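Work through the exercises below. Each task is followed by a stepwise solution.

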Amino acid sequence: MLLSFHIKNYRSILDAILPMRYAEKKAPNGYREMELFPFLEVNGVRTVPCLAIYGANASGKSTMILAFESFVEIIRDRYNPKLVVPNRLHPGNDSTSFILEFMVGERIFRYVLEVDRKEIVTETLTENGETIFSITDGIPMLTKVSTEGYPEKKLNKTFLVECLDKERLFRTPFITVIGKNYAGLHESMTAAFDFMSNKLKVHSDTRLPLSFGLDRLANTDDEKEVQRAFEEIASILRKLDIDITRMEYKRDVVHIPMDIITSRGVSSYHEDVHGNEVRFDFTDESAGTRRVARLLCVVLAALRSGTVLVVDELGTSLHPILLAEIVRMFKDKRYNTSNAQLIFTTHNTDIMEQDMMRVSEIGFVNKTKKRGSTFSCVAEFKGIRNVTNFRKQYLQGSFSGIPHPYI
């Protein structure tokens with residue numbers, strides 16, 4: 001479970017924390033019998049299943065999603081200075097920091113990654129407050145990671161050979177090298193790397209076809225499993241009152257390069273005015289229907305694997321009711337059985353009135369020249385309770401995060 005993501009000096013952000021801990025002082029009465037989760041709980045630590053991020057255009061909402069995306073890309077591969085752009089309105093500070101706090105089982109990890117315009121400056125991992133390893137200004141402290149087979153001297157050499165590039169710049173995170181190439185060396189490092197590289201998913205590429213999403217949902221190439229995943233998506237689409245009588249999926253489709261890949265192989269059927277069935281290629285369906293189908297793939301995959309799913313502009317091309325249903329799945333005990341979490345930006349305020357989101361699950365981005373993009377949860381505002389009409393308060397400007405147009 002994700003506990004928080006701290007971003008420093010990244011694009012419009014100078015210093016912002018996205019909190020995922022349950023911020024209410026106590027659990028609501030009868031919460032164990034509630035149909036929807038008020039919080040997720042492991043070993044006494046409570047987190048929220050959803051975090052909705054609101055704000056005016058150009059306030060920095062998408063920047064927060066980009067920060068997730070940049071962080072994950074560095075962890076999965078290596079640091080490319082083009083990925084990270086410090087705040088240009090506050091010159092003089094060339095370093096950017098990402099601090100991720102998360103839980104794996106009953107252990108709390110804190111991972112710090114600081115980069116400048118050339119390389120990684122600091123990389124640190126702690127578990128339950130105890131430092132596992134630390135690398136600052138190219139000097140590694142790896143005593144806690146060392147074993148009889150891999151003493152500290154050998155680990156230092158591994159750092160020099162596999163973390164530094166040809167120009168001797170620290171570009172590949174040490175945790176990435178260990179997680180990919182030496183998974184059996186240190187269990188805690190492997191667990192932390194697995195969470196950051198596999199349990200943190202940023203969904204941003206809307207060009208991907210439904211067939212690609214089905215492969216991710218099935219998590220296998222087995223034809224029967226993929227077909228089962230497809231049937232599940234088709235069933236949910238019909239429940240969402242989308243005008244499709246049935247769907248078919250054939251896997252004997254040659255996938256062309258990813259940038260021009262389509263949804264060929266998926267057929268949808270509608271009834272004409274005489275009640276006869278008419279076949280359509282799925283690419284002929286509306287942008288909203290195709291987006292819902294793709295989203296359902298990644299949503300169900302996240303719910304099953306206990307993933308933190310991060311989505312920018314979740315409400316794009318979706319009816320407000322469909323958006324609410326997708327969000328509700330992360331709060332519904334029937335679907336969310338693995339402590340999955342959803343972080344998303346949106347301009348749709350209808351879900352504020354759905355009697356679903358709580359004070360810990362709604363936040364607002366505001367931007368000023370002096371402070372950059374900042375983030376505040378509803379729970380931080382005095383006098384706001386879960387019975388409050390969040391939408392009315394927000395649109396009246398009580399939480400800021402709204403535009404002030406003078407047209």
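Buried means under 20% relative accessible area, exposed means over 50%, and partly exposed lies in between (1.4 Å probe, protein chains only). Helices (H or I, at least four residues) and strands (E, at least two) are DSSP runs, numbered from the N terminus. This is a predicted model: local features need pLDDT of at least 70, side-chain atom pairs count only at pLDDT 80 or more, and totals for chains, interfaces and linings use all residues. Residues are numbered from 1 along each chain as its sequence is written, and side-chain values use heavy atoms, with hydrogens and water left out.

**Exercise 1.** Describe the burial and pairing of strand 13.

Step 1. Strand 13 spans residues 266-271, and five of its six residues are buried.
Step 2. Apply the pairing rule: DSSP must find at least two bridges between two strands.
Step 3. Strand 12 (residues 246-249) runs antiparallel to strand 13, with four bridges. Arg246 partners Tyr269.
Step 4. Strand 14 (residues 277-281) is also antiparallel to strand 13, with five bridges. Ser268 partners Phe280.
Step 5. Strands 13 and 14 form a hairpin with five residues between them. Gly275 in the turn has a positive phi of about 85°.

**Exercise 2.** Find the salt bridge of Lys331 and classify its two residues.

Step 1. The criterion is a side-chain nitrogen of Lys or Arg within 4 Å of a carboxyl oxygen of Asp or Glu.
Step 2. Lys331 meets Glu361, with the closest N and O atoms 2.9 Å apart.
Step 3. Lys331 sits in helix 8, and Glu361 in the loop between strand 16 (341-345) and strand 17 (362-368), 30 residues apart.
Step 4. Lys331 is buried at 1%. Glu361 is buried at 0%.
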